[in-house]
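Hi everyone, thanks for coming. I'd like to walk you through a structure today, so let me put it up on the screen.

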Amino acid sequence: MAAAHSSSSSSLPLVLFARLSASIVATLVIIWALAFKTSFLPNSPSQEDLIYAVLHPLLMVIGFILISGEAILVHRWLPGSRNLKKSVHLWLQGVALASGIFGIWTKFHVNDGIVANFFSLHSWMGLVCVFLFAAQWLIGFWSFWHRGEARPIRLRILPWHVFLGLYTYGLAVVTAETGLLEKLTLLQTKREVLKHTTESMVVNGLGLGLALLSGMVILAAVSPKHHQPSNAARIIFSNKKHSSS
């Protein structure tokens with residue numbers, strides 16, 4: 001228990017900074033979606049299409065990126081057993097996956113059709129990202145929660161599970177950055193948004209916030225855990241020392 005407390009305390013500053021960054025990101029994306037919602041579909045008379053267009057950044061940033069980041073941080077801040085942490089991690093990642101799928105579905109829903117909305121690097125990366133995330137969730141559920149694999153196989157899978165999870169999270173952030181750049185460049189090219197406006201500052205700030213957030217989450221995930229040696233470990237070490245002398 002003392003070792004777990006020490007590990008949680010050492011990771012606390014990183015977790016707090018990550019949550020502060022997440023709060024900034026959530027605030028900026030909500031401001032952009034609500035205060036500048038006409039920028040998403042400036043020439044569309046359909047209120048329904050506008051709602052789905054606004055839902056896309058909200059679901060992909062808050063639902064997909066922020067919640068999946070919190071799921072990664074669960075192993076650093078949540079007290080309790082390993083099974084409890086795995087359960088919360090699994091459910092949060094499930095919510096993130098559902099948000100990502102529904103967020104992509106909002107782009108399929110608009111009247112322009114599939115081809116008109118999936119032609120750019122941003123759209124292709126988004127599809128790849130959600131596909132990888134779904135595969136990662138299924139593998140994690142089967143191997144680490146459902147216990148479909150033997151322990152040696154799980155130990156062999158674990159490093160790849162961690163790597164793929166962090167890679168997919170980083171890919172999601174990069175995909176969001178390309179979406180922000182694509183949208184802002186399009187609006188500025190059509191003279192619908194000027195370069196030196198409040199909306200441009202909000203979008204650029206959102207991009208910087210995502211970059212900061214991803215750094216904090218990944219650093220918290222890969223930073224070593226500082227455990228205090230348990231009483232059993234101390235006894236074993238002491239016995240070895242005496243026997244060698």
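Helices here are DSSP runs of H or I with at least four residues, strands are runs of E with at least two, and both are numbered from the N terminus. Before I go on, a word on the source: this is a predicted model, where local features need pLDDT of at least 70 and side-chain atom pairs count only at pLDDT 80 or more, while totals for chains, interfaces and linings use all residues. Residues are numbered from 1 along each chain as its sequence is written, and side-chain values use heavy atoms, with hydrogens and water left out.

Okay, back to A220. Is A220 buried or exposed? Its relative accessible area is 0%, so A220 is buried. The cut-offs are these: buried is under 20% relative accessible area, exposed is over 50%, and partly exposed is in between, with a 1.4 Å probe and protein chains only. If we skip the neighbours within four places in sequence, A220 is in contact with L14, L73 and R76. Contact, by the way, means heavy atoms within 4.5 Å. A220 and L73 are 147 residues apart in sequence, yet 7.1 Å apart in space from C-alpha to C-alpha.

Now move to A221, also placed in helix α7. With a relative accessible area of 29%, A221 is partly exposed. Again leaving out neighbours within four places in sequence, A221 has contacts with I72, R76 and L166. Between the C-alpha atoms of A221 and H75 there are 8.3 Å, and along the chain those two are 146 residues apart.

That brings us to the helix pair. Two packed helices are described by the angle between their axes and the distance between the axes. How do α2 and α7 pack? Helix α2 covers residues 47-77 and helix α7 covers residues 198-222, and they pack at an angle of about 25 degrees with their axes 8 Å apart. The axes are lines fitted to C-alpha atoms, for helices over the stretch in contact, and the angles run from 0 to 180 degrees between N-to-C directions. So α2 and α7 are roughly parallel to each other. The rule is that angles under 35 degrees count as roughly parallel, over 145 as roughly antiparallel, 65 to 115 as roughly perpendicular, and the rest as oblique.

As for handedness, α2 passes α7 in a left-handed crossing. A crossing is left-handed if the near helix is turned anticlockwise from the far one by less than a right angle, and right-handed if clockwise. On the α2 side, the contact is made by V61, I65, L66, G69, I72, L73 and R76, and on the α7 side by L210, L213, V217, A220, A221 and V222. By class, that contact of α2 with α7 has 11 nonpolar, one polar and one charged residues. For the classes, Ala, Val, Leu, Ile, Met, Phe, Trp, Tyr, Cys and Pro count as nonpolar, Asp, Glu, Lys and Arg as charged, and the others, Gly among them, as polar.

What about α2 and α3? Helix α3 is residues 82-109, and α2 packs with α3 at an angle of about 160 degrees, with the axes 8 Å apart. That makes α2 and α3 roughly antiparallel to each other. Here too, α2 passes α3 in a left-handed crossing. The residues of this contact divide into 16 nonpolar, 11 polar and six charged.

Staying on α2 for a moment, L58 lies in that helix. Setting aside neighbours within four places in sequence, L58 touches V29, I30, A33 and G63.

Next, a loop residue. S39 is in the loop between α1, residues 2-35, and α2. S39 has 9% relative accessibility and so counts as buried. Not counting residues up to four places away in sequence, S39 touches K183, L187, V193 and E199.

Finally, the whole chain. How many helices and strands does the protein chain have? The count is eight helices and zero strands. Of the 245 residues in the protein chain, 40% are buried. Thanks, that's my tour.
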